Amino acid sequence: MEELRGDCKKSSTPNAPPLPQPRRRISSRKGLVLDGKPLRGCSYVAATTKDLWERMFHEGYRTDVTINTDNGGVIYAHASILGIASPVMKYMLKQSKSRGRRKPISVRGVPHQAVRAFIRFLYSSCYEQEEMNEFILPLLVLSHVFVVPPLKRECERQLENGLLTTDNVIDIFQLSLLCDAPRLSLFCHRLIVKSFLVISSTEGWKVMKQSHPMLEKELLESVIDADTRKQERLKRLDQRKIYLQLYEAMEALVHICRDGCRTIGPHDKVLKEDQPPCSFSACKGLETLVRHFAGCKLRVPGGCVHCKRMWQLLELHSRLCSEPNECKVPLCRTFKERLQQQSKKDEVKWKLLVQNILRAKKLSGPSFFRSSTDVCA
Ligand SMILES: [Zn+2]
Ligand SMILES: [Zn+2]
Ligand SMILES: [Zn+2]
């Protein structure tokens, strides 16, 4: 930093105190080069315009402002540029009493290099990426304090595109609230909720816990809310999976009773040898259940878990079946006829189950059974 301050003084007008260091050399044969290093200056302005403003800043030709920074740092600049680029600078310059040729103003509380990168941006809208990486926090603060929207937008963009990390997110989050950057706040908030375990063990979190306990409380509440929502979403997905499995069992049941499959013949025909491979995923499990149902000694509802399951599947089928007269599934018509005697509570329960199964199927593809209004009527 000392060396850079020396450079700043050296590159200023003849009124600056003489220093032994060599003069800062800026050349433009192959693009701008400062002290042998190419100035990259990420920007969308035409190169010649950009170079002109870059030279204005780096060469410090006829500067009339001294910007004093922390640890005795000095930057020379032009009042007209500063005043036009920042209304706050304009006010500061108005208030400042001239000492000799230059008006002094102070920008303190942030590193000298960050102030230098900030002032350079006011001239040419340029910056070096390394400086942005290192001074993103002070640059965001400076852009807010001195009301420089283009730099603020650029800082936000850089943070959103990679400079925001689990290490700095808590600091940036607090800063985004102070600097009135709602989009950035939202971005930080999302990252905090997403990577809470890592972030809650960072130094930034510990400091915030001490200095802003209310903010910590709010963040913890958000994390709990997000977790609850995630659990609910997973529960809904699990339920949907069960409804889809039931739907597949219903398709397989109709297929077994109508066409026959593997070891079980169709309702009214002989089972053909050399059957094509079965395309119903639930068919094998259902085949075992049907065979058990046919041979079980405790064949009463509630007598055996497997038989009970089969009864439920048969009843569910009759709820979904819209053609009981032609249907080959056992007891389809019997269950339909028994509907009248069912209690209101059971009726609601079954209707809800049928609706959920059909809805889950609708979300995943075309339905084999007709709409629920046909079957629930
Ligand atoms: Zn099959
Ligand atoms: Zn049984
Ligand atoms: Zn049926």
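Trainee: How is aspartate 70 classed, as buried, partly exposed or exposed?
Mentor: In this predicted model, aspartate 70 has 15 other C-beta atoms within 10 Å. A residue counts as buried with 20 or more such neighbours and as exposed with 12 or fewer, the C-beta atoms being placed from the backbone, and what lies in between is partly exposed. Aspartate 70 therefore belongs to the middle class, partly exposed.

Trainee: Which pLDDT do local features need in this predicted model?
Mentor: pLDDT is the predictor's confidence in each residue, from 0 to 100. Residues are numbered from 1 along each chain as its sequence is written, while chains are lettered from A and ligands numbered from 1 in the order in which they are written. Totals for chains, interfaces and linings use all residues, and side-chain atom pairs count only at pLDDT 80 or more, but for local features the model needs a pLDDT of at least 70.

Trainee: Which residues does aspartate 70 touch, leaving out those up to four places away in sequence?
Mentor: Aspartate 70 lies in the loop between S4 and S5, where strands are DSSP runs (E, at least two residues) and helices are runs of H or I, at least four residues, numbered from the N terminus. Its C-alpha atom is 9.9 Å from that of glutamine 113, a residue 43 places away along the chain. Counting a contact when C-beta atoms, placed from the backbone, lie within 7 Å, aspartate 70 touches Arg108, Pro111 and His112.

Trainee: Which residue in the hairpin of S4 and S5 takes a positive phi?
Mentor: Strand S4 (residues 65-68) and strand S5 (residues 74-77) run antiparallel and are joined by 4 bridges, where pairing requires that DSSP finds at least two. Within this pair, isoleucine 67 stands opposite isoleucine 75. The hairpin has 5 residues between its strands, and the one with a positive phi, near 55 degrees, is asparagine 71.

Trainee: Which strands stand at the edges of the sheet?
Mentor: The open sheet has 3 strands in the order S5-S4-S6, and its pairing is mixed. The edge strands have a single partner strand each, so one side of each is left without a neighbour in the sheet, and they are S5 and S6 (103-106).

Trainee: Which helix packs on the sheet?
Mentor: S4 and S6 pair in the parallel sense over 4 bridges, with asparagine 68 opposite serine 106. The helix packed on the sheet touches S4 and S5, and its direction makes about 10 degrees with that of S5 (axes are lines fitted to C-alpha atoms, for helices over the stretch in contact, with angles from 0 to 180 degrees between N-to-C directions); this helix, residues 112-124, is H5.

Trainee: Which element has the lowest mean pLDDT?
Mentor: The protein chain averages a pLDDT of 82, and 81% of its residues score at least 70. Values fall below 50 over residues 1-22 and stay under 50 over residues 371-377. Among the elements, H5 has the highest mean, 95, whereas the lowest, 32, belongs to helix H1.

How values were computed
Contact = placed C-beta atoms within 7 Å.
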